[in-house]
Amino acid sequence: MICVTLWILLSSSGVFAAKSYRKPNIVLILTDDLDIAIGGLSPLKKTKKLIGDAGISFTNAFVASPLCCPSRASILTGKYPHNHHVINNTLEGNCSSRAWQKSEEAHTFPALLRTFGYQTFFTGKYLNQYGHSEAGGVEHVPPGWNYWVALEKNSKYYNYTLSVNGKAQKHGADYSKDYLTDVLANTSLDFLQYKSNYQPFFMMVSTPAPHSPWTAAPQYQDMFNDTKAPRDPNFNVHGKDKHWLIRQAKTPMTNSSVQFLDDAFKKRWRTLMSVDDLVETIVKRLEVRGELDNTYIFFTSDNGYHTGQFSLPLDKRQLYEFDIRVPLMVRGPNIKPNQTSQMLVANVDLGPTILDIAGYDVNKTQMDGMSFLPIMEGKMNSSRWRTDILVEYEGEGSNVSDPACPLLGPGVSECFPDCVCEDSYNNTYACVRTVAPSANLQYCEFDDNEVFVEVYNVTADPYQLTNIAKTIDQEVLEKMNHRLMMLQSCSGQSCRTHGVYDPRYKFDPRQMFTSHSWRLNRLRQMMK
């Protein structure tokens, strides 16, 4: 009774009295492996209504790397992978490692928000190796979080451990109290009830869905029984002009592979029904508390996904639209409803944007991204916005051959029973993704013996069926090569310079990086 009375007093004196001068609240809902290219938003009807229709949807939102841990590190730091040094999902790849904790973790945007007077709350999947015994275990609570309810390691739905402010809390397999997506919704409601009403807040809710093992809540287990993965033009076709890893996929796929990916596709959608419920729960509670009108709500994903594109069964990690493009919807004060923006944004922009909303000077940070708050408020003309971003990925492979697939040799990973592999050591690439009034282009180079290049005109070829690297104008190729090298070595402000298709771009061949001249020479030879 004392708690309830105190809560009522805090609510009445805090929420309503502070409204007129208070900084806005911010909520970030981050899903795991949610695509937009193959229909990932289709089950999320309430989310689209409550966030997308109530605000702005970005149709050109991309990730800096199409893999969980590097992408999440980019969200938290506002930096490209070459600057935060998280290269894959392993501890050795710097995922939640001691080195990450010492170098980057204290400078994430939530840590800056906390120093700026925000209450901060995290619930859900953090980084894939979080809780590892060699990196502090679940006792480690990253700096910057007032309230911390984080999943140990990778996404699960049952039988997991949470770190609750540094103390282990084990969960079993009872739907009513253990289903993780619902637990995240409930812990979010607890935070909203017991937080201080005299400070603005930042909430980050990071769902396991729709990541494997794709365990749906019982009430949704029979939905989408007739749904199949979309048969787009790039479904179950051979990527004949692509990097060798794509060319090794068997086309047509076996019936068992197609059945497996169709089954996975509908299971993914079933897990999203609980995410849709979570979004509704949080939005409705904010509304009841009188806080919705002063709260920005972001909804996005850490990477896209594929199910059968170019005969790759299912995964992420590739440079194509289905893996690098993600949903991004935002509602909040001064954002008019029913807006769609085609302007180019990336997950490195989330931190700068959220800091900008809070009134923090983003120029004081080392972030590579830029605030898209002016876009959301209708104050940014497309001619003044950026025209390109960087996408980079470092491939992984095993040191030994897979006994089931001896012909493949060492160096591959993520292999399926029919010996189609989704990754390899030399699946290491960097891309310039351009979206400008005059061009919608992707230029990628692989760090392999071939210096293999893939280029796509995404306007003419949205499914990226035809690699135009050998037919595109030589001058464009050289400019894109130069721009890519510049972005790969950029930091902070230099990551926000004018792209090739920006009218303000200046190309001086004399500025070509001498240390990289071998790359350009190899590129010229290859294109002959």
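**Close-up views of a predicted model**

**View 1. Helix H2 and its packing partners.** The buried residues of H2 pack against strand E2 (56-58), helix H10 (255-288), strand E9 (295-301) and strand E12 (328-331). Here contact means heavy atoms within 4.5 Å, and buried means under 20% relative accessible area, exposed over 50% (1.4 Å probe, protein chains only). Helices (H or I, at least four residues) and strands (E, at least two) are DSSP runs, numbered from the N terminus. This is a predicted model, in which local features need pLDDT of at least 70, side-chain atom pairs count only at pLDDT 80 or more, and totals for chains, interfaces and linings use all residues. Residues are numbered from 1 along each chain as its sequence is written, and side-chain values use heavy atoms, leaving out hydrogens and water.

View 2. Within H2 (residues 45-52), look for the buried residues Thr47, Leu50, Ile51 and Gly52. They share one side of H2 because they cover an arc of only 160° around the axis, taken from the directions from the helix axis to the C-beta atoms. Lys45 and Lys49 are exposed on the face turned away from that buried side.

**View 3. Ser341 in strand E13.** Ser341 sits in strand E13 (residues 339-341) and counts as buried because its relative accessibility is 5%. Its side chain reaches the backbone nitrogen of Met343 at 3.1 Å. Leaving aside residues up to four places away in sequence, Ser341 touches Ile56, Ser57, Phe58, Thr59, Asn60 and Ile375.

Key. Polar contact = N/O pair within 3.5 Å; in protein donor to acceptor, adjacent residues only side chain to side chain.
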